[in-house]
Amino acid sequence: MAREYADLYYHVEAILWTGENAEICRASAPDGSIVVLKRLRAHRLRERAGLASLKREARMAMCIHHPNVISVTDYIPGPPSPVIVMEYFPSRNLKVRVLDRRGDPLITRRCHDILVQMATALLFVHEQGIIHMDLKPENFLLSDDCRLKLTDFALAALVAKSWRRFLPGRFRIAGTRPYIAPETLLRRAPDVRT
């Protein structure tokens, strides 16, 4: 069986989320395990930048192994389309939990535990020399037993080496508007504060 044919290797069971550029699918592997696939939407498959971004995201995320960060296990280049293979983590994101009209008792009762897990995940990512660049409630997944995982490294950047941060550059402005850091808007080199 050819590993590069993700659609033949994994059976997509459901689309969990659809964004502007990619979609997240729950899938089963031949061994019966459940995984999550992140794949580009059809309109992005012809764009070199989108393909390169997905590959870069996979390469960066596969270096991070921590209980509070979603585990990325593989990158399959295709054809027909490239996919990132991740662990399946049954959960809801923090935005959904916070905006739940019925209220979510987990958020109020375990707030301290949740914040500690968020900080632990970010500290570990920063220690690996990576800046997430898209921190928002949607990118933190929280299970019903109060386990939290950081996900979505699509915009992640490497921390600039000390001498490189002084070089002039044109840093792109990317992210979710209400959460973009001021230094990103000013096109400054990102650091862990970003």
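Among contacts in this protein between residues at least 6 apart in sequence, 52% join residues at least 24 apart, where a contact means heavy atoms within 4.5 Å. What you're looking at is a predicted model, so to speak of a local feature we need pLDDT of at least 70, side-chain atom pairs count only at pLDDT 80 or more, and totals for chains, interfaces and linings use all residues. Residues are numbered from 1 along each chain as its sequence is written, and side-chain values use heavy atoms, with hydrogens and water left out.

How far can you trust it? pLDDT is the predictor's confidence in each residue, from 0 to 100. Its mean here is 85, and 79% of the residues reach 70 or more. Residues 163–168 are another story: pLDDT stays under 50 there, and the model has one contact beyond four places in sequence for them. Where pLDDT is low, the predicted coordinates should not be read in detail.

Now for the parts list. The protein has six helices and ten strands; these are DSSP runs numbered from the N terminus, with helices (H or I) of at least four residues and strands (E) of at least two. Of its 194 residues, 42% count as buried, and buried means under 20% relative accessible area, exposed means over 50%, and partly exposed is in between (1.4 Å probe, protein chains only).

Let's walk across a sheet. Five strands make an open, antiparallel one, in the order E1-E2-E3-E5-E4. Two strands count as paired if DSSP finds at least two bridges between them. Strand E1 (11–18) and strand E4 (72–76) sit at the edges with a single partner strand each, so one side of each has no neighbour in the sheet. From one strand to the next, the twist averages 25°. Further in, E2 (residues 22–28) and E3 (residues 34–40) pair in the antiparallel sense over seven bridges, and Cys25 has Leu37 in E3 as its bridge partner. Lying across E3, E4 and strand E5 (83–87) is helix H2 (residues 48–61), which runs at about 150° to E4; for angles like this, axes are lines fitted to C-alpha atoms (for helices, over the stretch in contact), and the range is 0 to 180 degrees between N-to-C directions.

Four of its five residues are buried, so E4 is largely enclosed by the rest of the structure. E4 pairs with E5 in the antiparallel sense over four bridges, with Val83 in E5 as the bridge partner of Ile76. Six residues lie between the strands of this hairpin, and Gly78 takes a positive phi near 100°. Ser81 belongs to the loop between E4 and E5. Is Ser81 buried or exposed? With a relative accessible area of 7%, Ser81 is buried. Leaving aside neighbours within four places in sequence, Ser81 is in contact with Leu45 and Ile76.

What about the cysteines? A disulfide is a pair of cysteine sulfur atoms within 2.5 Å, and by that rule the count is zero. Cys111 is in no disulfide: the nearest cysteine sulfur, that of Cys146, is 9.5 Å away. Cys111 is partly exposed at 36% relative accessibility, while Cys63, at 52%, counts as exposed.

One last stop: Glu138, in the loop between strand E7 (130–131) and strand E8 (140–142). Glu138 is partly exposed, with a relative accessible area of 21%. Glu138 and Leu150 are twelve residues apart in sequence and 9.3 Å apart in space, C-alpha to C-alpha.
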